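Good morning, and thank you for coming. I would like to take you through one structure, from the place where its chains meet to a few details inside them.

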Amino acid sequence: MAIYITTDCINCGACEPECPNTAIYEGGANWTLAGVTYGGDDPAPGGATGFWSADYFYIVPDKCTECVGYHDEPQCAAVCPVDVCLPDPNNVESHEELELKNEYLNVIDPDRRR
Amino acid sequence: MDREQFEIGIAEFNEGRFFECHDTFEAMWMEERGEARRFLQGLIQGAVGILHATRGNLAGAASQLEKALAKLVEYPERYCGIDVDALRTDLAALRASFGSGEGGLQFDPDLIPTIDYTHDPAALPPDLSSEP
């Protein structure tokens, strides 16, 4: 996962509709990928854990491409008024890796696109 | 960016309606591309920091207040009619008050600041006017 949302999120929801990969979910909500629905304790298929939040918007690691393939910069960060959409230092992905991720997502979950 | 909306945001801040205040300033910030953009964001983060504090999220409050101060320090003592120097001082005092106490981190709600604002057209930057 390249972008994550910190716990000083204000829950304004400005980020969620901007994500072209529908990778952002409201706190407490289940998330989906390739037709499968996941809940709070479920790890992502790619192995990531601990990204789900009951209280704040969160980003699903397997679905975030930092907007590579769509925009010049992550749109969630661009529209966040309080700068809580930040690069995840524990999950650094190169531009090439993000491009490949987006291509993979287009194969397994083409309906995710906004 | 319009003055009426700006003054609504200030009133909401001073009435303790910090979520509404952040909403008002956020709408302005989304449209603003001039020198006031980071100032508006500083106000938003100040309001959100206070809101987090009142909700018991002092870690989030501290983060937002620090971000607010980092932006507000870029502006002069008075800007857009606001006493920025006083606001910076008050937000810093609020941030500094997040000390340990019984039950963990606490803050003093009496330190929640208000914005000292004077309607002064002469103090406006070129891109903040009475026109919508």
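Where the two chains meet, 14 residues of chain B are in contact with 8 residues of chain A. On the chain B side, α2, which covers residues 18-31, α3 and α4 each supply at least two of the touching residues. By residue class, that side of chain B divides into 4 nonpolar, 8 polar and 2 charged residues. Please bear in mind that this is a predicted model.

Two packed helices are described by the angle between their axes and the distance between the axes. Helix α3 of chain B spans residues 37-54, and helix α4 of chain B spans residues 58-72; their axes come within 7 Å and cross at roughly 160°. Angles over 145 degrees count as roughly antiparallel, and α3(B) and α4(B) are therefore roughly antiparallel to each other. The crossing in which α3(B) passes α4(B) is left-handed.

Which residues make this contact? From α3(B) the contributors include R38(B), F39(B), Q45(B), V48(B) and H52(B), while those from α4(B) include L58(B), A61(B), L65(B), A68(B) and L72(B). Glycines also take part, among them G42(B), G46(B) and G49(B) of α3(B) and G60(B) of α4(B). Taken by class, the residues of the contact of α3(B) with α4(B) are 8 nonpolar, 8 polar and 3 charged.

One further residue of chain B deserves a word. F98(B) sits in the loop between α5, residues 84-96, and β3, residues 99-101. F98(B) and A62(B) are separated by 36 residues in sequence, and their C-alpha atoms are 7.9 Å apart in space.

I now move to chain A. Chain A has 2 helices and 6 strands, and from the N terminus on its elements follow the order β-β-β-β-β-α-β-α. Along the principal axes, the C-alpha atoms of chain A fill a box of roughly 35 × 30 × 25 Å. For 114 residues, a compact globule would have a radius of gyration near 13 Å, and chain A agrees with this because its own value is 13 Å. Buried residues account for 36% of the 114 residues in chain A. Of the contacts in chain A with a separation of 6 or more, 77% are between residues 24 or more positions apart.

Thank you; I welcome your questions.

Terms used
Residues are numbered from 1 along each chain as its sequence is written. Chains are lettered from A and ligands numbered from 1 in the order in which they are written. This is a predicted model: local features need pLDDT of at least 70, side-chain atom pairs count only at pLDDT 80 or more; totals for chains, interfaces and linings use all residues. Helices (H or I, at least four residues) and strands (E, at least two) are DSSP runs, numbered from the N terminus. The radius of gyration is taken over C-alpha atoms; the globule rule is 2.2 Å times the number of residues to the power 0.38. A residue is buried if 20 or more other C-beta atoms lie within 10 Å of its own, exposed if 12 or fewer, and partly exposed in between; C-beta atoms are placed from the backbone. Two residues are in contact if their C-beta atoms, placed from the backbone, lie within 7 Å. Axes are lines fitted to C-alpha atoms, for helices over the stretch in contact, and angles run from 0 to 180 degrees between N-to-C directions. Angles under 35 degrees count as roughly parallel, over 145 as roughly antiparallel, 65 to 115 as roughly perpendicular and the rest as oblique. A crossing is left-handed if the near helix is turned anticlockwise from the far one by less than a right angle, and right-handed if clockwise. Ala, Val, Leu, Ile, Met, Phe, Trp, Tyr, Cys and Pro count as nonpolar, Asp, Glu, Lys and Arg as charged, and the others, Gly among them, as polar.
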